[in-house]
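Have a look at this model with me, and let's ask what stands behind each of the terms we use for it.

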Amino acid sequence: MVSRNKSNINSFRMRLFYPRAIRFLPIVVIMVILITLPLYASSYIVFVAAIALLYAIVAAGYDVLLGYTGQLSFCQGAFYGIGAYTSAILTVNYGWSFWQAMPVAVLFVGLISAIIGYPALRLRGAYFAVTTFFLAHFVYLIFLNEVSLTGGPLGFRGIRPPEPIGPLSFEGIANGYLLILFSFIIIFILLRMLVNSNIGLILKSIAQDDVLAESIGINVAAYKLLSFVISAIVAGYAGTLFAHFFGILHPTTFSWFLSEMVVIMTLVGGAGTLIGPILGAGIVTFILEFLRFAPEIRYIAWAIALIAILMFEPKGLMGLLKRMGVR
Amino acid sequence: MLKVMGLTKSFGKLVAVNNLSFTVSEGERVAIIGPNGAGKTTTFNLITGHLKPDRGVVEFYGRNITGLKPYKICRAGIGRTFQIVRAFPDFTVFEHVLVGAISRYGPRAQMDLLKNQAENVIQKLGLSAKKNTLVRNLTIVDKKRVELATALALKPKLLLLDELMAGLNPTEIDEYIELLKRLNEEDGITLIVVEHVMRAVMKLCNRIIVMHYGTKLAEGTPMEIATNRDVIEAYLGEGVTYA
């Protein structure tokens with residue numbers, strides 16, 4: 001346990017050796033690299049980066065639920081998929097533009113998550129987690145079997161990129177990537193404002209002791225539902241971006257595997273830090289691509305990674321960095 | 001202000017609270033005493049909604065609050081502390097009390113108001129020096145203090161304190177008695193305490209309710225209770241007189 005004193009000394013040392021501007025340098029460098037990526041990287045790299053950013057959005061949203069409110073769930077893949085399919089169906093089958101379909105799809109995900117979260121969140125701990133696991137599988141079976149609606153195992157084709165806004169086009173990998181990057185930055189800022197607000201403090205109190213939270217007048221059930229719905233609509237929004245960036249949807253993309261991945265990203269990076277899950281998303285996406293030639297090895301890699309994290313640094317990558325004195 | 005009528009709660013075959021009735025008026029300092037397992041904590045849990053009674057009614061300012069969710073009962077104006085200390089370990093003392101103020105005034109209240117409210121309570125309980133300490137690094141005694149501070153940040157009208165003084169030394173007990181008297185007299189908070197420290201009970205409270213096997217054995221002023229034969233036999237043991 002890092003005591004207050006020690007961390008004070010650490011921050012003092014930081015201030016002594018690195019002026020304020022330099023502490024922001026890594027963020028600035030990363031932002032510049034990300035924004036200029038399409039200029040020098042191959043379209044394959046840009047494509048993988050876009051997928052990583054989409055996962056980062058989902059994982060950051062999920063951190064509100066797992067890291068800040070302390071509720072373990074396994075259904076972000078379902079909300080990601082509902083967002084993707086809703087937007088795809090509205091644009092392709094009904095001729096809506098992306099800018100009409102996207103908000104409707106996000107609202108629809110919010111509605112579904114509220115309907116499911118309201119009864120499910122009455123369960124606690126593992127019971128809640130198992131319920132969400134089966135929800136994710138149920139939604140996957142709908143994607144797979146409702147052929148008339150989703151195309152079933154043949155996939156859903158012909159999804160167009162978002163319509164241009166004035167001079168801004170979203171066609172092609174580079175432009176799609178920039179839209180995703182822009183969305184990622186906006187969502188990150190919004191989530192950061194949320195977790196640092198008074199509502200964030202209430203969520204953190206629920207994660208630590210929900211009996212005490214309830215007894216000091218906090219409507220625990222309502223705040224749990226709020227954080228469940230927030231994490232769902234963030235995933236749903238990422239899903240709509242995915243659909244119009246990728247152009248084709250296939251049910252296996254939204255199987256239980258994706259939901260597990262989001263949990264692993266969040267834990268590997270460090271739940272309750274918001275930045276941690278984003279780093280986790282980057283690492284997991286990279287390893288997924290790296291092991292593309294041997295999909296079976298992925299499962300073993302995950303098992304080892306997860307056990308190692310739980311054994312050596314339960315607070316994830318961010319916990320490790322903090323222990324090394326980087327703030 | 002608080003009216004308890006015919007409260008009954010069983011766990012399996014054990015009747016923890018049996019047809020208990022009492023009233024508390026505004027401004028009183030009431031103690032509930034009794035041997036271990038007499039049903040004192042269960043009574044608190046029934047009043048604050050952590051348990052639902054099998055039978056009986058709890059009224060607060062004439063409003064039936066029986067079986068409401070704990071957060072609603074808290075918002076009605078009943079605060080509490082727990083027998084086994086409960087606290088948010090990863091908060092600083094300031095954050096811990098602040099979350100109480102946020103709960104009382106809503107998350108959209110002015111930040112200055114919330115911070116002032118938290119600062120006031122922290123100062124009142126003598127926690128200013130530990131304001132930025134993580135709650136997990138505090139002693140049990142200080143954790144209890146933080147729990148009380150958080151309950152006070154909610155501006156309760158009635159406060160239920162469950163063995164607040166267990167494990168304290170005589171000086172600390174005297175400090176607490178003074179503090180609780182001040183809260184009662186200056187801030188108008190009605191108190192119901194469950195306490196084993198008889199010295200504190202006798203000094204602090206103007207009325208005592210004695211429970212035994214879930215029922216009310218006796219009720220009266222400290223002097224009446226101290227000389228009541230039934231109480232002496234059941235609670236203090238036969239042949240012992242309270243000095």
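Q: What makes domain 1 of chain B and domain 2 of chain B separate units, and how many Å separate their centres?
A: The bounds come from an automatic or database domain assignment, which gives domain 1 as 1-77 + 156-243 and domain 2 as 84-155. Taken over C-alpha atoms, the centres of these two domains of chain B are 25 Å apart. A word on the ground rules: this is a predicted model, in which local features need pLDDT of at least 70, side-chain atom pairs count only at pLDDT 80 or more, and totals for chains, interfaces and linings use all residues. Residues are numbered from 1 along each chain as its sequence is written, while chains are lettered from A and ligands numbered from 1 in the order in which they are written.

Q: How many residues of domain 1 of chain B are in contact with domain 2 of chain B?
A: Contact requires C-beta atoms, placed from the backbone, to lie within 7 Å. By that test, seven residues of domain 1 of chain B meet seven residues of domain 2 of chain B. The domain 1 side has five nonpolar, one polar and one charged residues. Here Ala, Val, Leu, Ile, Met, Phe, Trp, Tyr, Cys and Pro count as nonpolar, Asp, Glu, Lys and Arg as charged, and the others, Gly among them, as polar.

Q: How do you know which strands of chain B form the open sheet, and in what order?
A: Strands (E, at least two residues) and helices (H or I, at least four) are DSSP runs, numbered from the N terminus, and two strands pair if DSSP finds at least two bridges between them. The order of the four strands is E2-E1-E4-E5, with antiparallel pairing.

Q: Why is one side of strand E2 and of strand E5 of chain B left without a neighbour in the sheet?
A: E2 (14-24) and E5 (63-64) of chain B stand at the edges and each has a single partner strand, so one side of each has no neighbour there.

Q: What is the crossing of H12(A) and H14(A) called, left-handed or right-handed?
A: A crossing is left-handed if the near helix is turned anticlockwise from the far one by less than a right angle, and right-handed if clockwise. The crossing of H12(A) and H14(A) is left-handed. Helix H12 (residues 256-269) and helix H14 (residues 295-312) of chain A pack at about 35°, with axes 10 Å apart. Axes are lines fitted to C-alpha atoms, for helices over the stretch in contact, and angles run from 0 to 180 degrees between N-to-C directions.

Q: Which residues of H12(A) meet H14(A)?
A: Ile264(A), Leu267(A) and Val268(A) meet Trp302(A), Ala305(A), Leu306(A) and Ile309(A) in H14(A). By class, this contact has seven nonpolar, no polar and no charged residues.

Methods. Contact = placed C-beta atoms within 7 Å.
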